[in-house]
Amino acid sequence: MTHLVFLGGKGGVGKTTLSCAISYQLAARGRRTLLVSTDPAHSVGDVLDMEIGPAPRRVVDNLYAMELDLEKIALEKGSRVKNIAVKILPPDVYEAFSKYVDAVVKGPGVDEYTLIEKILDFAKSEFNYVVFDTAPIGHTFKLLQLPDLLKSWLDMLRRQRLSYVKLSKNVAKLKGEDYRGDPLLEFLEETAKKIDAVTQVLKNPSRTSFFLVANPEKVVLDETLRFIERLTEIGIPLKGVIMNKYRHPTNPKVRRLVEKISPLIIAYVHEDEDEIYGVEKISKIGGALTSVINRLTTLS
Ligand SMILES: Nc1ncnc2c1ncn2[C@@H]1O[C@H](COP(=O)(O)OP(=O)(O)OP(=O)(O)O)[C@@H](O)[C@H]1O
Ligand SMILES: [Mg+2]
C-alpha cells in the first residue's frame, strides 16, 4: 500500500528542500518514491535542478518527480460536471448552472479540493511512497480541514436532491413510466464517498505521515506551535517536527521555544553555508534525516 508523506511549515523554512531530500533517501533504500509538488509556485524542479512537468519524471533509480497543475485539473473536472448537468437540466437552468460551475472551478479553495481527489489516486498508486511538497502553512491547513467542511456541504446538497428524486420517482410512477435514476445524486454520493475515503487515509498514521518543518526563529516557532494545536483539533496525527537550518539558538526566547517543541523534534538539519540545489547536494542531507527515514521505512 502507498504511504503518503506531507511536509508542512511556514514559507521558506525548507519544505521543498527537505521533501526532495526525504524522497531521495527513500529511493536510495530501494523504495519506489514519487515526489509531487502541489505548491502553485512550483520549485521542485529548481531545487533538483532539472525540468519537472505534470507527468512523473525519473530523477534517479526509484525516484520520480512531478508538478501538479491543480488549476488545469479543476477546469477539466468542471467540464465533466457540466457534461452531466447538460443531460438532466432544462436549457435555461443549465446555463445558470454552467456559469456557477465556471465560477467555482476558478474560485478559492478549488486547488485544495482538486488535490483531495488526486490524493486518493496517489494513495492507490504503484509507488511505495508519495511525498508531497506543499505550499506554506495556510494552504496545507486549508487542505487538511477541507474534507470535513466539504462533507457537511455535500450532505446538505444530497438531502435537497433526495427530496427532488423522491418527487420524480412518484411522478414517474403516476405516469406509469420507469424511473431512470438521477446522475446528479449519483455524482454527489460518489463525491461524498471519496471525501470519506480521503479523510480515512489522512487520519490513519499507518497510511499518512505528516511532518512539520521549523527553523530556530521566534516567528517560525510561534507559528509551528499554533499549527501543532490545529492539527490536534482536526485529528491529523503529527509524526514529528524537523528542525531545519539549525544553529544553536543564542536568543533566550528562541531557546525557550525550541525547548518547548523539543519533545516533538525528530531531526535536526544544520544550516548549510552553500545554497542547496542539484541532486548531488540533496543526497548529502541524508545523514541528518536518518530518524525520519527509519520511521517511514518501518511503515511501508
Ligand atoms: N538546511 C539548510 N541550510 C541552508 N539553507 C537551506 C537549508 N534548507 C533550506 N535552505 C534554503 O532556504 C531557502 C528556502 O528553502 P525551500 O525553498 O526549501 O523552503 P520552502 O519551505 O519550500 O519555501 P516556500 O514556502 O516558499 O515553498 C532556499 O534558498 C534553500 O536553499
Ligand atoms: Mg517550497
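Guide: Let's start with a cut-off: a residue is near a molecule if its C-beta atom, placed from the backbone, lies within 6 Å of it. Keep in mind, too, that this is a predicted model.

Visitor: Fine. Which residues come nearest to ligand 1?

Guide: G14, K15, T16, T17 and D272 do, out of 18 residues around ligand 1. Helix α1 (15-28) and strand β7 (238-246) each give at least two residues, and the largest share, three residues, comes from α1.

Visitor: How many residues of the shell are nonpolar, polar and charged?

Guide: The shell around ligand 1 has four nonpolar, eight polar and six charged residues.

Visitor: Let me step back to the whole chain. How many helices and strands are there?

Guide: Eleven helices and eight strands. The C-alpha atoms fill a box of roughly 80 × 40 × 35 Å along the principal axes. Of the 300 residues in the protein chain, 32% are buried. Look at the contacts as well: among those between residues at least 6 apart in sequence, 77% join residues at least 24 apart.

Visitor: Now the sheet. How do I read one?

Guide: The general idea first: strands of a sheet pair through backbone hydrogen bonds, either parallel or antiparallel. Here you have an open sheet of eight strands with mixed pairing, in the order β3-β4-β2-β5-β1-β6-β7-β8.

Visitor: Which strands stand at the edges?

Guide: β3 and β8 (265-270) do; each has a single partner strand, so one side of each is left without a neighbour in the sheet. Going from one strand to the next, the twist averages 25°.

Visitor: Let's go strand by strand, then. What does β5 pair with?

Guide: Take β1 (residues 3-8) and β5 (residues 129-133): they pair in the parallel sense over five bridges, and F6 has F132 as its bridge partner in β5. β2 is joined to β5 by five bridges too, and these two strands also run parallel. There, V36 stands opposite F132.

Visitor: Is β5 buried or exposed?

Guide: Five of its five residues are buried, so β5 is largely enclosed by the rest of the structure. To see how that works by face, recall that in a regular strand the side chains alternate between the two faces of the sheet. In β5 both faces are covered: Y129, V131 and D133 are buried on one side, V130 and F132 on the other.

Visitor: And how many residues of β4 are buried?

Guide: Four of the five residues of β4 (residues 63-67) are, which leaves this strand mostly covered. On its neighbours: β4 pairs with β2 (residues 33-37) in the parallel sense over five bridges, with Y64 as the partner of L34. With β3 (residues 57-60), β4 runs antiparallel over three bridges, and R57 has A65 as its partner.

Visitor: What about the turn between β3 and β4? Which residue takes a positive phi there?

Guide: First the background: most residues other than glycine have a negative phi. The β3-β4 hairpin has two residues between the strands, and N62 takes a positive phi near 70°. N62 is buried, with 20 other C-beta atoms within 10 Å. Compare D49, in the loop between α2 (44-48) and β3. Phi of D49 is positive as well, near 60°, but D49 is exposed, with 12 other C-beta atoms within 10 Å.

Technical notes
Residues are numbered from 1 along each chain as its sequence is written. Chains are lettered from A and ligands numbered from 1 in the order in which they are written. Ala, Val, Leu, Ile, Met, Phe, Trp, Tyr, Cys and Pro count as nonpolar, Asp, Glu, Lys and Arg as charged, and the others, Gly among them, as polar. Two strands pair if DSSP finds at least two bridges between them. Axes are lines fitted to C-alpha atoms, for helices over the stretch in contact, and angles run from 0 to 180 degrees between N-to-C directions. Two residues are in contact if their C-beta atoms, placed from the backbone, lie within 7 Å.
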